[in-house]
Structure formats: C-alpha cells, structure tokens
Amino acid sequence: SKNGISPNGNHTVDGFWKFTSSAVFAATVVTTIGYGNMSPSTVSGQIFCVLFALFGIPLNLVVLNRIGKYMIAIEEIVCDFIASKINYRRTTQCVIHTLSISTGMVIFFVVPMLLFRQYEGWSYPEAMYYCFITLSTIGFGDYVAVNNPKLNYPEWYADILAAWIFFGLAWLALVINHGMNMLEKFNAYVKDRQNNRKDKEMTEQSGTEVEDTQTGDCINTQQEVKSEN
C-alpha cells in the first residue's frame, strides 16, 4: 500500500493516490505524524516530498502556534469578562479551562470517534486509540483513516480529517501548555511554602537567641549586684 497498491490483490482500485488520500498524506507530512502506509515511489515524487516537508513543517508550526495563541486569547477574554461580573478570577479561570478542555475532548475525540466508527468500521476503542496516536504525532500506522480501498468515502471526509488533524494538534498543544502552567504554579507554590517555613524557623531561632541573651544579661547583672553588696 505504500506505493498506492492494494494489498488485497494485483489491482490498484483507482490507487490510493486519490484526492482524499493525498490530502491526508500531505497533512501527515507537515504535521510529522508519518503513518508510513503511503510514500512516494518515484524520484521526482520523493524530491518534491522533501521540499514540501522542508517548507511545510515550519509553516505548519507557525500556524499551530498562532492558532494556539488565538485559543488562549479567547479564553482570557472570556475569563476577564466573567471575572469582571462576579469578581472571582481564579474560580473563573478554573471553570473556563475545564470547559475548554471538556469541549476539546468532545470535538477532537468523541466526534471523530463516531465518524471513524461509521466510515472506517472500527470499534470505539480502536477509534479512540487512533485519535490519540494521531494527535500525539506518534503515528504507528497500524490504524489509518482513508486507507481502505474497499470503502467509498464521502468527498468531504478527507477535508474534515485534515482539518481535524490541524486543529486537534493546536488544541493538544493548548492542553499541554495549560498542564505546564499548572505544574509551574504548583512548583512555585511548593517553593513559597518551603521558603515561608524556613523564614519562620529562622525567626523563631532568632527570637530564642534574643531571649537567651537577655536572660544571660539579667543573670550577669544580678551577680554584679550581689558582689557589690
């Protein structure tokens, strides 16, 4: 199937290099998923693929970064608007982030899972597995959409799949960014607790030393008074 030939016979079944499969192949190249189920077989095709990847991968990273920033900006706008009404910014941020992640889970995992179940014939666990392997750019290639020559896919199917890959990667990057921010805040919180505990111990130790010094001075004063008497 790497050269567009069906593994089930000696015919191509119109080949795998149709618009649908080619669109998915282009998406997997620029996103570095690389299932490995298809690859160019001619020298000219391989050279074009290299050039396409050299320019496509950096541009794709720029686009994904921009989309992720837009998503964060939208979340911040919503948080600021709601927080200005109820004056609970931290709670608002937590709720908005939770809703964002939950909505993304539905859009980029649940809905595609239903589509793959319908048009690929996969089970729900297989479809969920494919969603994660694809959006995490692991790309084993054991499950690949638009890859069965026996099935007739709708014309819009490949377009939806390519859009799902691009926006899904941006959403996953957003989730990873939120996770990193949470870890950084937790780390800062732990460090603050440790620093406060050390400052408290140092303050208590300084207070004890002052009391010992004052007690020693009192004892010396009493001894001097007794010696004078």
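Helices (H or I, at least four residues) and strands (E, at least two) are DSSP runs, numbered from the N terminus.

**Figure 1. Overall fold of the predicted model.** The protein chain has five helices and zero strands, giving the order α-α-α-α-α from the N terminus on. Of its 229 residues, 28% are buried (under 20% relative accessible area; exposed is over 50% and partly exposed in between, with a 1.4 Å probe and protein chains only). This is a predicted model, in which local features need pLDDT of at least 70, side-chain atom pairs count only at pLDDT 80 or more, and totals for chains, interfaces and linings use all residues. Residues are numbered from 1 along each chain as its sequence is written, and side-chain values use heavy atoms, with hydrogens and water left out.

**Figure 2. Helix 2, its length and its bend.** The 44 residues of helix 2 reach 63 Å from first to last C-alpha, close to the 64 Å expected at 1.5 Å a residue (the expected span is 1.5 Å times one less than the number of residues). A bend of about 25 degrees occurs at G56, and the proline P58 follows within four residues; the bend is the angle between axes fitted to the seven residues ending at a position and the seven starting there. Buried positions of helix 2 include C49, A53, G56, N60, L64, I67 and M71. An α-helix has 3.6 residues a turn, so residues three or four places apart point the same way. After helix 2 comes N87, with a positive phi near 60 degrees.

**Figure 3. Nonpolar surface patch around V50.** V43, I47, V50, L51, L54, F55 and L59 make a nonpolar surface patch of about 740 Å². V50 lies in helix 2 (residues 43-86) and counts as partly exposed because its relative accessibility is 48%. Patch residues have over 30% relative accessible area and no salt bridge; like charges are joined within 9 Å, and nonpolar side chains (Val, Leu, Ile, Met, Phe, Trp, Tyr) within 5 Å. A salt bridge is a side-chain nitrogen of Lys or Arg within 4 Å of a carboxyl oxygen of Asp or Glu. Areas come from the Shrake-Rupley method with a 1.4 Å probe.

**Figure 4. Helix 3.** Helix 3 (residues 89-119) has 31 residues and should span 45 Å at 1.5 Å a residue; its end C-alpha atoms are 44 Å apart, which agrees. Helix 3 bends by about 30 degrees at V106. Among its buried residues are T92, Q93, I96, F108, F109 and F116. G121, which follows helix 3, has a positive phi near 80 degrees.

**Figure 5. Cysteines.** The whole structure contains zero disulfides (pairs of cysteine sulfur atoms within 2.5 Å). C94 is in no disulfide, and the nearest cysteine sulfur, that of C79, is 10.0 Å away.
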